[in-house]
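Trainee: I have the sequence and the coordinates open side by side. Could we go through them together, starting with the strands?

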Amino acid sequence: YHAQPSQGTEQEKMDYALNNKRRVIRLVLQWAALYGDLLQEDEAAMAFLEEFYVSVSDDTRMIAALKEQLPELEKIVKQISEEPKAAQKKHKVLLQLFNTSDDRAQKRQPIRGSDEVLFKVYCIDQTYTTIRVPVSSSVKEVINAVADKLGSGEGLIIVKMSSGG
């Protein structure tokens, strides 16, 4: 982010720095837009985003051309850092993402927000059902889909379980 050329006029050095900073800001914005939900759970990523925002804010005092990207960066940082509202713990529902086809047979393509995924929804009474929701669905939309499928939405929460093995 702070790369500086060792040769050239002062204007060339400033242009080089500005272009590098803009590219890095765009990269961080794309990364945060794609992985925002996952970043909320990663303290190091959140600390990086907040530190990066402060650094860009400081740089806008010296490089006014960066100000155009600051509002978008601020929006992303605020959006990601918002804490999800606590849910009442009456019933625990576990969602498990699963793939319906062989990975080797699939062509690797970027995930789009309009793509759909299947979840297995496990209930506390040892039963499960499946739902299909768009990748871009919010937690609230997933809970609503589960509530529609189960016929009741009272006290539903999402529990994430993971394993290192």
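Trainee: Okay, which residue is the bridge partner of Y122 in β3?

Mentor: The bridge partner of Y122 in β3 is Y128, and please keep in mind throughout that we are looking at a predicted model.

Trainee: Stepping back a bit, what pattern does the chain follow along the sequence?

Mentor: The chain has four helices and four strands, and read along the sequence they follow the pattern α-α-α-β-β-β-α-β.

Trainee: And how much of the chain is buried?

Mentor: Buried residues make up 27% of the 165 residues in the chain. The chain exposes about 12,400 Å², of which carbon and sulfur atoms supply 51%. Among contacts between residues at least 6 apart in sequence, 49% join residues at least 24 apart.

Trainee: Let's do helices. Which residues of α3 are buried?

Mentor: In α3, the buried residues are L70, L73, I76, V77 and I80. Seen down the helix axis, the buried residues of α3 fall within an arc of 130 degrees, so they line one face of the helix.

Trainee: What do they pack against, and what is on the face turned away?

Mentor: The buried residues of α3 pack against α1, which spans 10–39, and against α2, whereas the face of α3 turned away from its buried side carries the exposed residues K75 and K78. As for its length, α3 has 12 residues and reaches 16 Å from its first C-alpha to its last, close to the 16 Å expected at 1.5 Å a residue.

Trainee: Where does Q69 lie?

Mentor: Q69 lies in the loop between α2 and α3.

Trainee: Buried or exposed, and why?

Mentor: Q69 counts as buried because its relative accessibility is 10%, and the cut-off for buried is under 20%. If we leave out residues up to four places away in sequence, Q69 touches R22, I25 and R26.

Trainee: Now α4. Which of its residues are buried?

Mentor: In α4, which covers residues 139–150, V142, V146 and A147 are buried. Viewed down the axis of α4, its buried residues fall within an arc of 140 degrees, so they line one face of this helix.

Trainee: What about the other side of α4, and what comes just after the helix?

Mentor: The face of α4 turned away from its buried side carries the exposed residues K140 and D148, and just after α4 the residue G151 takes a positive phi of about 85 degrees.

Trainee: Last topic, confidence. Where is it lowest and where is it highest?

Mentor: The mean pLDDT of the chain is 76, with 78% of its residues reaching 70 or more. Confidence is lowest in strand β1, residues 91–98, at a mean of 52, and highest in helix α2, residues 43–62, at 87.

Trainee: Which stretches have pLDDT under 50?

Mentor: One of them is residues 83–92, where pLDDT stays under 50 and for which the model has 16 contacts beyond four places in sequence. Over residues 100–105 the pLDDT is below 50 as well, and beyond near neighbours in sequence that stretch has two contacts in the model.

Technical notes
Residues are numbered from 1 along each chain as its sequence is written. This is a predicted model: local features need pLDDT of at least 70, side-chain atom pairs count only at pLDDT 80 or more; totals for chains, interfaces and linings use all residues. Side-chain values use heavy atoms; hydrogens and water are left out. pLDDT is the predictor's confidence in each residue, from 0 to 100. Helices (H or I, at least four residues) and strands (E, at least two) are DSSP runs, numbered from the N terminus. Contact means heavy atoms within 4.5 Å. Buried means under 20% relative accessible area, exposed over 50%, partly exposed in between (1.4 Å probe, protein chains only). Accessible areas come from the Shrake-Rupley method with a 1.4 Å probe; for residues, only the protein chains shown count as cover. The expected span of a helix is 1.5 Å times one less than its number of residues. The arc is that of the directions from the helix axis to the C-beta atoms. Two strands pair if DSSP finds at least two bridges between them.
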